[in-house]
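Let us read a structure together, one feature at a time.

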Amino acid sequence: MKKALSIALGILTSIGGFLDVGAIATAAQAGAAFGFQLIWALLLGTLCVIFLVEMSGRLAAVSGHTLADAVRERFGFRFYFLQYVIEIIVDFLVLGAEIGGVCIALQLVTGISFQWWALPVAFVLWLLLWKGTFGLIENGVALLGLVTLVFVVAVVMLKPDWPAVMSGALPSLSRHDTAHYLFIAVSIIGALVSPYLFFFYSSGAVEEKWDKSYIGPNRAIAVIGMGFGSVVSLGVLITSAIVLFPKGIQVESYDQAALALVAPLGFLGFVLFAVSLGITCFGAAMEVGLDQAFITAQAFGWNWSESQKPAKEARFSLIYTVMIFLSALLMVAGIDPLQLTLFTMALTATILPVVIVPFLVLMNDEKYVGKFRNGIISNTVVVLIIGLAFVLAVVAIPLEVLGGS
Amino acid sequence: MDEEPLDLIKDVLDNQLVDLHGRRMGKADGIIIELRKDGPPRVAYIEVGGPTLAARLHPRIGKWATSLAKRFGVGAEAYRIPWSKLKSVGIDIVVLVDAEKTPVLAFEQWLREHVVSRIPGGKT
């Protein structure tokens, strides 16, 4: 019974973990600029993240070690340090983008500019981590996150042309703006396959003392949770494609993205867009902030636990304290949250090989996962998608930067 | 410990150290081998500490980290755990010391006293 409850919570949590500022922003951009045509990128990203989340849970359940722990042990400090520095930089930018998402949500509702919200949001975020426990954070955000189902409701109300939607599931090249098209495709995959998710998920599994009996539930959590998150992302993409694409509205700010829900739901849609954006970004911000503390503690072998009082784990608690305020400064400085999000998500795609390749090696190492090693299918799927994302990223980012300026 | 061969780099270096209370107390940052006149060399200590790690990135970074640690008076000297204190070596290395009583946690304890417990909600 207890396990059934933990599976249910796990599923809710992974919906929360899946959806963040990146998933919403990239799906809205894709729908507005290219209609249904980029659905394939969303599906590929989802498939890849399902496999990878399942792997990080399995690694933790079998070995009792997190991904970061295992990478340092297996590949040594020099390699881990490289990965750590890259991950901290990307996490810093992602955290800035997530805090930005919360600030924009508040700006949409109150009309007060997002810059003013950055420090208050950072403070509340920090307070919850400082005072709260892991379970409270996870489950609270997960339950509130169900509001994002409004995007699915909107799709049903808009009655899309399903055959046209299906045709987007097959990869094709755009006839116009190819560089931008590829850039958005890369951003979508980067937004879904976020490295912090795997470090965070395996840390959570270790914190909750998973053992081998969680291998089955872990699979269910990965597939249903990520699948559900993907359905909501698809909802964002399809509503944008139906409402914004025909009118030629490019999503250059979050106000424009909100219009996608105004068409079917009126003012309520506007409010629900802001609430969805705020909650998912807030939840993701907590995860990314904690992730930085997790990977730092695990890099140096410190004791770590989110459920302990901060005084018990002083270094751990101070890491997220400092990182949250540093990331909030990006927003105080007035960097555009949407631009930061898209750039960071595309950047993520370029660093994926550094994180994922060692991860796959571990998942095939009997010392860590015993007889629960990866099969040929999971290895192949992940290698192909990560390889594709990396190549696309290397091609598309320079083009976007050159073309955009 | 059993008779199976132990690969120092693969099986010991960088593994998690756990103290006798089951508390994580750092990683095996370095391994010290003693050269003796009256016998073959032997593995003497496991080293834990920032400067040891830094030196593994580059000797110059190591020197820089050591002088920095000296200036702040914490962790300038790496803590050495005698090999005889090792209880078991697996993915975790269990050692028979109390982490709280070693200099490994000096910085943690300093932060706890001077920073965290002064922030509301940090202590209770």
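Q: What should I know about the model and its labels before going on?
A: This is a predicted model, in which local features need pLDDT of at least 70 and side-chain atom pairs count only at pLDDT 80 or more, while totals for chains, interfaces and linings use all residues. Residues are numbered from 1 along each chain as its sequence is written, and chains are lettered from A, with ligands numbered from 1, in the order in which they are written.

Q: What is the mean pLDDT of chain A?
A: pLDDT is the predictor's confidence in each residue, from 0 to 100. Chain A has a mean of 90, and 96% of its residues reach 70 or more. Where pLDDT is low, the predicted coordinates should not be read in detail.

Q: How does the radius of gyration of chain A agree with that of a compact globule?
A: The radius is taken over C-alpha atoms, and the globule rule is 2.2 Å times the number of residues to the power 0.38. For 405 residues that rule gives a value near 22 Å, and chain A, at 20 Å, agrees with it. The C-alpha trace of chain A spans about 55 × 50 × 45 Å along its principal axes.

Q: What span should helix α2 of chain A have?
A: The expected span of a helix is 1.5 Å times one less than its number of residues. Helix α2 (residues 21-34) of chain A has 14 residues and should span 20 Å; its end C-alpha atoms are 20 Å apart, which agrees. Because 14 of the 14 residues of α2(A) are buried, this helix is largely enclosed by the rest of the structure. Just after α2(A), A:Gly35 takes a positive phi of about 60°.

Q: Which residues are in contact with A:Thr66, leaving aside its neighbours within four places in sequence?
A: Two residues are in contact if their C-beta atoms, placed from the backbone, lie within 7 Å. On that basis, the partners of A:Thr66 beyond those neighbours include A:Ala60, A:Phe199 and A:Gln298. A:Thr66 sits in the loop between α3 (39-63) and α4 (67-110) of chain A, and it is buried, with 26 other C-beta atoms within 10 Å.

Q: Which strand is joined to β4 of chain B, and how do the two run?
A: Two strands pair if DSSP finds at least two bridges between them. Here 4 bridges join β4 (residues 42-48) of chain B to β5(B), and the strands run antiparallel. B:Val48 stands opposite B:Tyr79 in β5(B).

Q: How many residues of chain B are in contact with chain A?
A: 22 residues of chain B are in contact with 22 residues of chain A. Elements giving two or more residues to this side of chain B include β1 (16-18) and α2 (50-57) of chain B.

Key: A residue is buried if 20 or more other C-beta atoms lie within 10 Å of its own, exposed if 12 or fewer, and partly exposed in between; C-beta atoms are placed from the backbone.
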